[in-house]
Amino acid sequence: MQDLLLSFQQLLNPEELLSSGGFYLVLLIVFAETGLFFGFFLPGDYLLFLAGLFCALNKIEIDIVTLCAGLIVAGVLGNFAGYWFGYRAGPMLFKRKDSFIFKRKYVVMAEEFYHKYGGTALIIGRFVPIVRTFAPIFAGVVKLDFKKFVIFNISGAMLWVLLLTLSGYFLGIEFPWIIDYVEYIIVGLIAVAFLPIVIALIKRKLNDNKNKQNNIQ
């Protein structure tokens, strides 16, 4: 049990992943987080940023072009997997019971995000944890036109990967000492990434309270 918990902690530690897991494990994680419903808890934004940073500092044996290309392909294929799953069996998610790693409220939140932004949720949602996992699934559930899905998928993956990975890379080139503050960077990126989710949850709570008061009256 202790070994299992240790492995789980390493899975959520991007520094450990990049240092010991290597390039292919990072690709697998990006693929899982962008299309497999059980991958929503995996590190995403700051993993890309740190991948670029580690590449600039030669802490991973891969050049930046190969790194970005691989991450884009992994992100695109992940969304394709999510779309296929949603197209074939997506409604099952609404009937799935809560478990240790799965919460139905995540599905509902991602659904609302998708209905609000439509197909562009596949682009915007790339930068929002949880949503980036479930948005392609809902695209499959509502059977979004496949040609449109391909365009949103590829453009979203390119924007997400290039913005975050190259930011880390060029910061590493210009300010190599930034690696000493990587913990603060991770905390900052997590805070920024989860801010839209926190705001959405607060709005939903306020709306629920308002509806309850209206019903009482």
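The protein has 11 helices and zero strands; helices (H or I, at least four residues) and strands (E, at least two) are DSSP runs, numbered from the N terminus. The model is predicted: local features need pLDDT of at least 70, side-chain atom pairs count only at pLDDT 80 or more, and totals for chains, interfaces and linings use all residues. Residues are numbered from 1 along each chain as its sequence is written, and side-chain values use heavy atoms, without hydrogens and water.

Of the 217 residues in the protein, 43% are buried (under 20% relative accessible area, 1.4 Å probe, protein chains only). Contacts are heavy atoms within 4.5 Å. Among contacts with a separation of 6 or more, 78% join residues 24 or more positions apart.

Helix α5 covers residues 64-89. Its 26 residues should span 38 Å at 1.5 Å a residue, counted over one less than the number of residues. The end C-alpha atoms lie 37 Å apart, which agrees. At the start of α5, a side-chain oxygen of Asp63 comes within 3.2 Å of the backbone nitrogen of Val65.

A nonpolar core is a set of buried Ala, Val, Leu, Ile, Met, Phe, Trp, Tyr and Cys residues joined through side-chain atoms within 4.5 Å. The largest holds 36 residues; Val30, Leu48, Leu50, Leu67 and Leu71 touch the most other members. Two or more residues come from each of α3 (23-33), α4 (45-56), α5, α10 (146-174) and α11 (182-216). Helix α4 gives the most, with 10 residues. Beyond its neighbours within four places in sequence, Leu71 contacts Val26, Leu27, Val30, Leu48, Val161 and Thr165. A second, separate core of 20 residues includes Val107, Phe113, Val128 and Ala139.

Notes: Polar contact = N/O pair within 3.5 Å; in protein donor to acceptor, adjacent residues only side chain to side chain. Buried < 20%, exposed > 50% of the residue type's maximum accessible area, 1.4 Å probe, protein only.
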